[in-house]
Amino acid sequence: MIQVAALHKSKEHGEKTVNVLRVGDSVFHRAPGGWATAGYYQSKEILAAFESAGAAVRMRAFGRVIQRSPDKANLIDETEMSPSGVEVPSLGIWPVALNWRAAARGLRAHMQDADVIWATLPTMLGLMAIEINGGRKPCVVQLVGDPRRSIAALSGKPSTKLLSIAAAYLVRRAISKADGAIFVSQALRSAYLADPRQRAVVVNESRVRNAQIIHQDTLTEVHRASQGARPSLVYVGRLSPEKGVTVLLKALAAVSRAKLTIIGSGPQRGELEGLAARLGIADRVCFLGSYPWGSDLLELIRRHQCLVLPSFTEGLPLVLMESMSQGVPVIASSVGGIPEVVRHGVNGLLFPRGDVSALAAAIDRVISDPGLRYELALAGLCVAKLNTSEIQYGNAVNFILETVALRSSK
């Protein structure tokens, strides 16, 4: 590993601090007395990783700023991370596109004192940051999803297919301009790293800390408590077409014993509620809406016998590790980086994306076999322990610091 001590010296000695500008599609809101975000920004995990690497760091996040505050929001500790961004009236690509001049001005201003740019893809702001930087400062990109499949999942129209091809081209082009690339799965690395000589690493964005993983004795207690209870499934994620929740509802209709909790929000909620009613399963489906990340969410997941993720496309969904960390078996579609984490029949079950019958069979198998549930859950704990935020962000931060050190040595 490249020594990076010359780049970042300890806070105790009052020496150099690394200024990190992280650019992506995070949504920030102005709250009374400060800032808030509807999602969960991993500032604590990132700073802890820099501290473990011996680096003093100042982090600024550039994303989308929306005046309307969400019903549930997480306040931001500005001593950990300073938010900024382009003001847009709503979510989506087009509000950012229509305000690209303001976004470009903001990015240029914040890039001036940045030591390294950490751009998340596929996001419009991430792409803009790489273009504006033009190689002047160290830049690391992080690809968290497949734009080609995400866009194609919206519809089968020729125009959509052309847009997905164009998006994939822009992402590959941006990656080629960076000093280093982080991929959340090997599948994304294989698909988007054009030059095998370019510095790259596979690291996911796990939010689960080692202390949040339940012990095996707790798993055994939870497993015993679920014996004889009505089978209960949980889905956690965005409610949009590419997530395949329609497939899950149709599969649930074929498994009359099970009930389902849906945690998340998105543009498809009304459509999904209507589908549940038409399928005659509305009394077995509970839409909880969005739920803030944290121990309460993990406890909520732990109350269910199985987590189901029926996505049509994924990079590497964090909820898989979160479910495994709580001793809850997972059933997931075999797409993207999911098979890199879920080994069929070992620590979870996989099914072909969009296959309602296969998903229904997998659900029936898990809820009917307590012994299998326990074996899958136990193996899942081992996976969670290898994918803690300490390990994953530690790898990412060391990669970033090494990238900066390489540029500085030239």
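Is phenylalanine 28 buried or exposed? At 0% relative accessibility, phenylalanine 28 counts as buried. Buried here means under 20% relative accessible area, exposed means over 50%, and partly exposed is in between, with a 1.4 Å probe and protein chains only.

A word on the model. It is predicted, so local features need pLDDT of at least 70 and side-chain atom pairs pLDDT 80 or more, while totals for chains, interfaces and linings use all residues. Residues are numbered from 1 along each chain as its sequence is written, and side-chain values use heavy atoms, without hydrogens or water.

Back to the ring. The structure holds 2 aromatic pairs. In one of them, phenylalanine 28 and tyrosine 41 have ring centres 6.0 Å apart and planes at 45 degrees, so this pair is tilted. The rule: rings of Phe, Tyr and Trp (its six-membered ring) pair if their centres lie within 6.5 Å; planes under 30 degrees apart are stacked, over 60 edge-to-face, the rest tilted. Phenylalanine 28 is in strand E1, and tyrosine 41 is in the loop between strand E2 and helix H1, so the pair ties together parts 13 residues apart in sequence. Helices (H or I, at least four residues) and strands (E, at least two) are DSSP runs, numbered from the N terminus. Tyrosine 41 is buried too, at 11%.

Next, arginine 64, in strand E3. Arginine 64 touches Phe28, and also Asp25, Val86 and Leu125, among others, leaving out residues up to four places away in sequence. Contact means heavy atoms within 4.5 Å. A salt bridge needs a side-chain nitrogen of Lys or Arg within 4 Å of a carboxyl oxygen of Asp or Glu. Still, the side chain of arginine 64 reaches the backbone oxygen of aspartate 25 at 2.6 Å.

Now the salt bridges. The count comes to 15. Glutamate 45 pairs with arginine 209, with the closest N and O atoms 3.7 Å apart. Glutamate 45 lies in helix H1 and arginine 209 in the loop between E9 and H8, so the pair ties together parts 164 residues apart in sequence. Glutamate 45 is buried, at 5%; arginine 209 is partly exposed, at 33%. Another salt bridge joins arginine 199 and glutamate 402, at 3.3 Å. Those two are 203 residues apart, with glutamate 402 in helix H16. Glu131, Arg173 and Lys177 are linked in a network of salt bridges.

On to helix H4. Of its 10 residues, 7 are buried, so H4 is largely enclosed by the rest of the structure. Leu125, Met128 and Ile132 are among the buried ones. Proline 122 sits in the loop between strand E6 and H4. A cis peptide bond joins leucine 121 to proline 122, with omega about 0 degrees. Glycine 134 follows H4, with a positive phi near 60 degrees.

Last, the cores. A nonpolar core is a set of buried Ala, Val, Leu, Ile, Met, Phe, Trp, Tyr and Cys residues joined through side-chain atoms within 4.5 Å. The largest has 100 residues; Ile175, Ile331 and Ile363 have the most contacts inside it. Apart from it lies another core, of 29 residues, including Val18 and Trp118.

Conventions. Polar contact = N/O pair within 3.5 Å; in protein donor to acceptor, adjacent residues only side chain to side chain.
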